[in-house]
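Please keep the structure open beside them as you read.

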Amino acid sequence: MTVDARNPQGQPLTPSERSRMISESLRQMARVSRYNDPRQQIRGVRAHRRRDIITPLLFVGLFLLPSLIGALVFGLYLSDRFVTEAQFAIRPAIGSADKSLRDGVGTSSGVPKEMITQDTLIVAEYIRSRPMVEAIERQLPLREMFSRDSIDYFSRFDREKPIEKLVRYWNNRVSAKLEGTSGIVLVTVNTFDAQDALAIMQAILSESERMVNDLTARARRDALAESEREMQRAEERLSALQVAVRDLRNRDGVLDAQKTNEANVRMVAEVRAQRINLAVKLALLQRDLREDTRSIQDLKAQIAQLDATIARVEREATTQDPDQRRVLADALSRFEQLDVERKNAQTLYGLVISARERARIIADRQIEFFSMVVQPVLPESAELPRRLLWTCLTVAGAALSFGGAVMLRKFIA
């Protein structure tokens, strides 16, 4: 560095002034070199860090400890859970779904598709219900399976708790859901032992099938009982009509009004034919003989007798006698009415008998089948909990919490 040897007035510097200017220049150079020294900067940052103790506390409290706790809990502490699943569907007997039309007497020869769907939903809800838990508890030591000492504290069930708590715990271990519109029910069981998972699944399937059979059996019994009641009513109606026909015959003194009427019609026709013949013969004789001759008088007497017979028969068929006896025409109309009702009753009775026989056949066989789609198997390895996944999620959550706290602190500062 060159120092000008002149003062501002252009005069040469004295030795004392020159020494002062050199000292000032050296101080400025030392100051600049001190600010540009990296070691000095690092020492300054370190000194600042020694004064900031909140960030390390946040790191330990929000990231390190949660990550360690999550790794210990999900990686080591939580008990293994073995999962088994099964799929089943409720299907009608072959041909039943397509023949589910009601006949004339109110019975059904098949199973409606709506009933199949409803029964499927009923089974799915029944698996999650208290009656299912009680039924399984009668078959298996359910409380003991879920309350062993080897199970972790968070997953263990207290066997002293009431049945309502057990049902809630059951819904955390067993799930049943309907797969879309296929009608297939997916059942999943997760327990702390592979044998327990398989045993519970088999008990669930057995109890579900029993419940479905009870539902259809009740429906079949109701259909059979209704058919028998219809048959009894039809039989009583037919018997009443037969008694009414018998009483009408006894009251009117006619065994068969239709046949009696036909006989009377034939008799009147024959008598009229005879009268016509006699009238023709009488007309021929009146051309040759007088009116007072014996043959003409006999023919007139015969014609008069035939007219009286025809009038009597017609009068019996259209009028009443002094004893208020019903005439043949009235009896015939009543016989015809009762006969029509009797024939209708006989037809209905035949249909009811056929319907009752169909209901008996349906009641004797199973109309819905519990069809397994996927059989349950013994699990070989634990699927739950997903240790690596939950550990990574815990670490990621802790890192986000720590980063957010640091950013918030800087923003506030």
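1. Let me begin with Val377, which is exposed, with a relative accessible area of 54%; the cut-off for calling a residue exposed is over 50%. Please bear in mind that this is a predicted model. Val377 sits in the loop between β4 and α12. Leaving out residues up to four places away in sequence, Val377 touches Thr84 and Leu198. The C-alpha atom of Val377 is also 9.6 Å from that of Ala194, although 183 residues separate the two along the chain.

2. Staying with that loop, have a look at Pro385, which lies between β4 (368–374) and α12. The peptide bond leading from Leu384 to Pro385 is cis, and its omega is near -10°.

3. Now follow the chain into α12 itself. How do the axes of α3 and α12 cross? Helix α3 (residues 54–77) and helix α12 (residues 387–412) have axes that come within 8 Å and cross at roughly 170°. Angles over 145 degrees count as roughly antiparallel, and α3 and α12 are therefore roughly antiparallel to each other. The residues in this contact of α3 with α12 split into 15 nonpolar, seven polar and two charged.

4. The unreviewed UniProt entry carries the annotation "transmembrane region" for residues 53–78. In the model, the chain over residues 53–78 is 92% helix and 0% strand.

5. Is Ile127 buried or exposed? With a relative accessible area of 0%, Ile127 is buried, since buried means under 20%. Ile127 belongs to helix α4 (residues 113–127). Setting aside neighbours within four places in sequence, Ile127 is in contact with Phe88, Met132, Trp170, Val174, Ala176, Val187, Ile204 and Ser208. Of these, Trp170 is 43 residues away along the chain, and the C-alpha atoms of Ile127 and Trp170 are 9.8 Å apart.

6. Met132, one of the contacts of Ile127, brings us to helix α5 (residues 130–139). Which residues of α5 are buried? They include Met132, Val133, Ala135 and Ile136. These residues cover an arc of only 165° around the axis, so they lie on the same side of α5.

7. Next, the partner of α5. Helix α7 (residues 163–173) packs against α5 at an angle of about 95°, and the two axes are 10 Å apart. Angles of 65 to 115 degrees count as roughly perpendicular, and α5 and α7 are therefore roughly perpendicular to each other. By class, this contact of α5 with α7 has seven nonpolar, no polar and four charged residues. On the α5 side are Arg130, Met132, Val133, Glu134, Ile136 and Glu137, which meet Ile163, Glu164, Leu166, Val167 and Trp170 in α7. Met132 and Trp170 both take part here, and both are also in contact with Ile127.

8. Finally, the chain as a whole. Its secondary structure comes to twelve helices and four strands. Of the 413 residues in the chain, 30% are buried. What share of the contacts between residues at least 6 apart in sequence joins residues at least 24 apart? That share is 75%.

Terms used. Residues numbered from 1 in each chain as written. Predicted model: local features only at pLDDT ≥ 70, side-chain atom pairs only at ≥ 80, totals over all residues. Heavy atoms only, no water. Axes fitted to C-alpha atoms, helices over the stretch in contact; angles between N-to-C directions. Helix = DSSP H or I, 4+ residues; strand = E, 2+ residues; numbered from the N terminus. Parallel < 35°, antiparallel > 145°, perpendicular 65-115°, else oblique. Nonpolar A, V, L, I, M, F, W, Y, C, P; charged D, E, K, R; others polar. Buried < 20%, exposed > 50% of the residue type's maximum accessible area, 1.4 Å probe, protein only. Arc of directions from axis to C-beta. UniProt positions renumbered as here; feature names shortened; annotations may be inferred. Contact = heavy atoms within 4.5 Å.
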